[in-house]
Amino acid sequence: MREKRRKLVTWSMIVYELRNVTGNPFIHIFGVGMPVLMSILIARMAVDQMGAAMARTVQTSVFLGIGVLIPMATILMGYSVMQAQDLERGIPVRLQLFGIRSSVTICSRVISQLIFMAAAFLVYFGVGASALELEAPCVSGAILYGVCLVVFSVICFMMAHAIAALIKKFSITYCVVMILYFACMILGGMMGVSYENLSSPLKAAARLLPVTYFNRDFYTIWIGDSYRFGPMLQSYLFFGAIAGILLFIALKRERVRK
Amino acid sequence: MEHTELVAIENLTVRYGKELALDIQSPVVIEEGDRVGIIGSNGAGKSTLIKSILGLVSYEGSIRTRLGMEEIATHMQFNEYTDSMPTRYIMEAILQTKISKNEKLRELIAYFEFEDCLRKKYQKLSGGQKQRFTIIMVMMQNAPLTFYDEVTSGLDFETRQKLVEKLVSWYRDRDTGLCIVSHYYEELEQLANKLLILDQGHVVDYGKKEELFRKYCGRAVLILNHSREKEALLAKYERLASPEHLIALACGSEERERELVELLLAHNMDYTRSSTDIEIIYTNAKERYYRKGAQA
C-alpha cells in the first residue's frame, strides 16, 4: 500500500518551478532588462567621460560588474520574495500534503533558478557583445568569472531562503531584500559613486561584499593580469558565513516548530 | 472481517499558546473502510485534529500510524497554489502525469466540469472551482486514508449534491479510510458510518452511527418543525433534545411510534422518521455529555 517515494529531482517539478520563476514579471525586469540596459547606458556614459581610447577597458569592466545584478535580482530578490509569498499562503505545506517533500521543491527550485540565470546570462552576453565593445577574456578569466558567479549565486540562494523562512511575510521580505539589493549596488559602486569615492566606513563595508570585486576588479582577472585574490576570497567567506548563519537559524527554527 | 488500523489517537493534547485546542483522552481508532464524520461547532477542534494527524501542529500524546504523510490525502479547509501558471501545469506537476495521457484524470476533470478551468490561473477560479481543483487531485492520490475538511463549503447546492454523490460512488467499494469534516449533516448521512463528535476541544463521543443513535436517541425518532400547536399537542410524549426549530420525539417502542404516527396523521402534521439522524445524535450526545459533566 505504501506509495513509492518521489525522486529528489524530477523533470516535471523542474519545469513547474521554471514556470513559477518565469511567471514572475519582476524577475524579467530586474534580472534581465535592468542589467542589460544599465550595462549599455553606464558603459557608454563612462566612455563619453573617459575617452574612446579607453572604450574597451571601460565597457568590459562595467559589463562584468553589472552582470552580478543577474543573480542578485533572480535569486536574492526573486527567489526570496517568491518563497515568502508561498510560505505566507501555505503553498509548500499544500505540496507536502500531496507527497512532494520540501527537499524536492528546494532542489527543483535551485535547478530552475540556475537554468533561468544561465538563460539570462546568454541574453546579457548576447546583447552586450552586439551593443558594446568587449574585451575577449583569457581562459582562466572566463572560468573564474563563471565560478565566482556560481559561488555568489549559491550564497544568494542560501541567504534568500533563510530570509524568506525567517520572515515568512511577502511584504517584509520584499522590503528587506530590496534594501539589501540597493545597498549592495551602492556599496559595490554601481550607482554612480565608485569605491574610491566612498567614505572610510563605507569602504570597509564595501570590501566585505563580493559585488565590489565584480565591479571594481574583475576586468583585471578577465584579461589575465596578476591579481591578489585574498580580499576577494575574504568577502566570499564573510558573505557565505552570514548566509550560512541565517540559514542555520532558519532551519533550526523550522525543526523546533515541527 | 478484520480491518487494519490506520490511525490510533490517545492522550492527545494540542495547545495554541495557553489555549487548549484539543484534548483526546480515550482512544480514537480509524481503521480501513471507516467513513468517519467529524462534527462539532466552530472551534471544536476538528481541523486541529486533522493537522495533528498530519503533523502540521505540535502536540503532546500519541498518534500512532503506519502511514507516511504522502499516504494520507488531504483536502484542507484552505488550499492555495501558485498564481504563476495555468492550473493544468500545477495539476500535472503535482500528480506527475500528463492530462492527455491519463484517462482516469481526464474522467475526473470531465465529471467536475473542470476542462475550461485548466487554462485559467488559480487566482482567477471561483470558490467552487478552487474546491473542485483540489478534490480532483486528492481523489487521484488514491491514498489509504483521506481527509476532507469542509469540502463542500463555498459550493452551490447543486454542485454540493453532485460532489457528495461522486464521493459516495467513488468510495463505495474501496477499503480506504475516509474522514469528513462537515457542518452539513445530510452529507454525512450519506458518507459516514462512524461519528466523532467534538466540542470545545473534547471528544463527546466516538462510534458507529447506528450505535450512537441507539445510545442517545433509542430505536427511532420522529422529527417535526417546531410550532406552538405541535408543542401543545405533543407535550405528554417523551422528547429528545433538538435544535430550537425542531421537535424530536423519541420512539422507544413500535407501539409508541404507531401511536405518535396516528396522532400526527390525525392532525395532518408533517414529520420525518429517522434511525440515523446525525443532527439529533449530535444534539443529544452533547446535552448528555454536559449534563454528566455538571452532575460530576
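Modeller: One term before we start: helices, of at least four residues, and strands, of at least two, are DSSP runs, and they are numbered from the N terminus. Please also keep in mind that this is a predicted model.

Biologist: Good. Where do I begin with empty space?
Modeller: Rolling a probe the size of a water molecule over the atoms shows where empty space is left. In this model, the count comes to one cavity of 30 Å³ or more.

Biologist: How much space lies in the largest cavity, and which residues line it?
Modeller: The largest cavity holds about 50 Å³. Its lining is made by Val138(B), Met139(B), Asn142(B), Ala143(B), Thr146(B), Trp170(B), Tyr171(B) and Thr176(B). In chain B, H4 and helix H5 (157-171) each supply at least two residues of that lining.

Biologist: How does the lining of the largest cavity divide by class?
Modeller: Five of its residues are nonpolar and three are polar, with no charged ones.

Biologist: And what about the second largest pocket: how much space lies there?
Modeller: About 710 Å³. There are 23 lining residues, and the closest to the pocket's centre are Ile42(A), Ala46(A), Val62(A), Gly189(A) and Ser194(A). Two or more lining residues come from each of helix H2 (25-50), helix H3 (55-66) and helix H10 (210-216) of chain A.

Biologist: Which element gives the largest share of that lining?
Modeller: H2(A) does, with six residues. Sorted by class, the lining of the second largest pocket has 13 nonpolar, eight polar and two charged residues.

Biologist: Now the helices. What should I look at when two of them pack?
Modeller: Two packed helices are described by the angle between their axes and the distance between the axes. The crossing of H4(A) past H7(A) is right-handed.

Biologist: Which residues meet between H4(A) and H7(A)?
Modeller: On the H4(A) side they include Met72(A), Leu76(A), Tyr79(A), Ser80(A) and Ala84(A), and on the H7(A) side they include Leu149(A), Phe152(A), Cys156(A) and Ala160(A). The residues of this contact are 15 nonpolar and four polar, with no charged ones.

Biologist: Does the H4(A) pairing with H8(A) come out roughly parallel or roughly antiparallel?
Modeller: H4(A) and helix H8 (residues 170-187) of chain A pack at about 170°, with their axes 8 Å apart. Angles over 145 degrees count as roughly antiparallel, so H4(A) and H8(A) are roughly antiparallel to each other. Among the contact residues are Met72(A), Leu76(A), Ser80(A) and Ala84(A) of H4(A), together with Phe170(A), Tyr174(A), Val177(A) and Tyr181(A) of H8(A). By class, the contact has 15 nonpolar, three polar and one charged residues.

Biologist: Can we try a helix pair in chain B?
Modeller: Of course. The axes of helix H2 (residues 87-95) of chain B and H4(B) come within 11 Å and cross at roughly 20°. H2(B) and H4(B) are therefore roughly parallel, and their crossing is right-handed. Thr87(B), Ile90(B), Met91(B), Ile94(B) and Leu95(B) of H2(B) make the contact with Phe133(B), Ile136(B), Met137(B) and Met140(B) of H4(B). That contact has eight nonpolar residues, one polar and no charged.

Biologist: Last topic, the backbone. Which value of phi does Glu113(B) have?
Modeller: Glu113(B) has a positive phi of about 50°, although it is not a glycine. You will find Glu113(B) in the loop between helix H3 (103-111) and helix H4 (127-141) of chain B. Gln200(B), also a residue other than glycine, has a positive phi near 45°. Gln200(B) sits in the loop between strand E9 (194-199) and strand E10 (202-208) of chain B.

Terms used: Residues are numbered from 1 along each chain as its sequence is written. Chains are lettered from A and ligands numbered from 1 in the order in which they are written. This is a predicted model: local features need pLDDT of at least 70, side-chain atom pairs count only at pLDDT 80 or more; totals for chains, interfaces and linings use all residues. Side-chain values use heavy atoms; hydrogens and water are left out. On a 1 Å grid over the protein atoms alone, a cavity is a set of points where a 1.4 Å probe fits but cannot get out, and a pocket is an open set with protein on both sides within 12 Å along at least five of seven lines; lining residues have an atom within 4 Å of a point. Grid points are joined across faces, edges and corners, and a volume is the space filled by probe spheres set on the points. Ala, Val, Leu, Ile, Met, Phe, Trp, Tyr, Cys and Pro count as nonpolar, Asp, Glu, Lys and Arg as charged, and the others, Gly among them, as polar. A crossing is left-handed if the near helix is turned anticlockwise from the far one by less than a right angle, and right-handed if clockwise. Contact means heavy atoms within 4.5 Å. Axes are lines fitted to C-alpha atoms, for helices over the stretch in contact, and angles run from 0 to 180 degrees between N-to-C directions. Angles under 35 degrees count as roughly parallel, over 145 as roughly antiparallel, 65 to 115 as roughly perpendicular and the rest as oblique.
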